[in-house]
Amino acid sequence: DNSLDIYTNDIGCVVITNDKGELEGFNVMVGGGMGRTHNKETTFARAADHMGFVPKDQIMEVMKAIVAAQRDHGNRDVRANARMKYLVHTLGIDNFKRLVESYLGFEIQPWRAMADWKYSDWMGWWEQGDGKLFYGQHVDNGRVKDEGDFRLKSALRAIVDKYNTHMIMSPTQSIIFRDVDPKDKDGIDKILADHGIKPIEEIDPNARLAMACPALPLCGLAQTEAERIMPSYIERMRALLDRMDLPGEEILMRMTGCPNGCARPYMAELAFVGDGANTYQVWLGGSPVLTRTAYPYMAKMKNDDLEKTMEPILAMFVEQRGEFEAFGDFTHRVGAEAIEKYSAAYAPGSVFA
């Protein structure tokens, strides 16, 4: 389960167990990171590389060696290139692995085979494994608020006051109640309903998948809107998907108000990255299970041009997708040049249902 976007980290550790469920060690990846700067090609988003498998009794020594390699060889002259991802990119994963091994005095084992990655947001009710439950409460772009009949902030307070539940944040800005006694489930559902909170089944899947940074007016780096405008983008995309006979299609979308990547847009199937007043870069081709970066498709898309931009891309998707092929996998497979060529020849409305 890659619900925490593990490939975006400097170091990622994947638990590896034996057939009895006992910990054997970790698959270790290195060199991920999202931050970049517009029009500065020496900065870029990067997904982590697989370095190898580390037995459980060696993991701390390997962590120390990775940090030491970055300490001694990372870029200290140019701050924009100081992250470990640039060192891994410059050396290549094989040379970086050898560098780490030089600190260790032993070789790192090959990456262990794993089950295919999947993605779950863990919203709704789930069994916790110890007789208790946990509940994932979707929060649009992480904003806990009371607004009209929608009173999420008050609902959370009421649940904690009555049931003394513990809350944790999910990797996608939502909230998880853990250690819930099964007898309290109906009461929690009633509090949420009484406060105008829709059950998870009524939330658009694309809203559940989406994420945006706070941007304006809270962030001094923001070039344009993100959190406040993302709900309208989700609604507009859903309307366009419905018009193009893709009513159940799920697309992982993310938005940021600047290129720093706080909402991890470069991993999304479709991303909008602010590059001016009411304009966005459009990024395509990220993985639905968050294992690769997207590519920049367009700069300076005006807010009003969302449908005009996305309609030909979705039309090509309708006509040329493989069976069960996700949007991000399709746009990754065909590439930007083919999409640009198709879009240039596309007649609006020609592929509507």
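Predicted model: local features only at pLDDT ≥ 70, side-chain atom pairs only at ≥ 80, totals over all residues.
**Entry 1**

Strand 10 meets strand 11 (residues 253-256) in the parallel sense, over 2 bridges. For Met211 I noted Arg254 in strand 11 as the bridge partner.

**Entry 1: the nonpolar cores**

I then listed the largest nonpolar core, which has 49 residues. The members that touch the most other members are Tyr233, Met255, Leu270, Phe272, Leu284, Leu314 and Phe327. At least two residues of this core come from each of strand 10, helix 7, strand 11, strand 12, strand 13, strand 14, helix 8 and helix 9 (327-345). Which element gives the most to this core? Helix 8 does, with 7 residues.

Apart from this core I found another, of 20 residues, with Trp117, Leu209, Tyr266 and Ala294 among them.

Beyond four places in sequence, the contacts of Phe272 are Tyr233, Arg254, Met255, Thr256, Tyr280, Gln281, Val282, Met301 and Leu306.

**Entry 2: aromatic pairs**

I searched the whole structure for aromatic pairs and got 12. One of them is Tyr7 with Trp117: the ring centres lie 5.9 Å apart and the planes stand at 75 degrees, so I filed the pair as edge-to-face. Tyr7 is in the segment before strand 1 (11-17), while Trp117 is in the loop between helix 3 (93-104) and strand 4 (124-127). The pair therefore ties together parts that are 110 residues apart in sequence. Tyr7 and Trp117 are both buried.

Tyr233 and Phe272 form another edge-to-face pair, with 5.1 Å centre to centre and 75 degrees between the planes. Tyr233 belongs to helix 7 (residues 230-243) and Phe272 to strand 12 (residues 270-276), and the two are 39 residues apart. Is Tyr233 buried or exposed? Tyr233 is buried, at a relative accessible area of 1%. I also noted Arg236 over the face of Tyr233, at 5.3 Å from the ring centre.

Two further items went on the list. Trp122, Trp126 and Phe134 make up one aromatic cluster. The charged end of Arg112 sits over the ring of Phe53, 3.9 Å from the centre of that ring.

I turned to the open sheet of 4 strands in the order 4-5-9-8, where the pairing is antiparallel. Strand 4 and strand 8 (166-169) are at the edges with a single partner strand each, so one side of each has no neighbour in the sheet. The twist I recorded averages 25 degrees from one strand to the next. Strand 8 and strand 9 (residues 175-180) pair over 4 bridges in the antiparallel sense, and Met167 has Phe177 in strand 9 as its bridge partner.

Helix 4 (residues 152-163) packs on this sheet, in touch with strand 5 (133-137), strand 8 and strand 9. Its direction makes about 15 degrees with that of strand 9.

Where is Asn206? I found Asn206 in helix 6 (residues 205-209). Its relative accessible area is 0%, so Asn206 is buried. Residues up to four places away in sequence aside, Asn206 touches Ile234, Arg238, Leu241, Glu249, Glu250, Ile251 and Met253.

Pro214 sits in the loop between strand 10 and helix 7. Outside four places in sequence, Pro214 is in contact with Arg143 and Glu227. Last, I took the C-alpha separation of Pro214 and Lys183, which are 31 residues apart along the chain, and got 37 Å.

Note on methods
Residues numbered from 1 in each chain as written. Heavy atoms only, no water. Buried < 20%, exposed > 50% of the residue type's maximum accessible area, 1.4 Å probe, protein only. Contact = heavy atoms within 4.5 Å. Phe/Tyr/Trp six-rings, centres within 6.5 Å; stacked < 30°, edge-to-face > 60°. Lys NZ or Arg CZ within 6 Å of the ring centre and 35° of its normal. Pairing = 2+ DSSP bridges. Axes fitted to C-alpha atoms, helices over the stretch in contact; angles between N-to-C directions. Core = buried A, V, L, I, M, F, W, Y, C linked by side-chain atoms within 4.5 Å.
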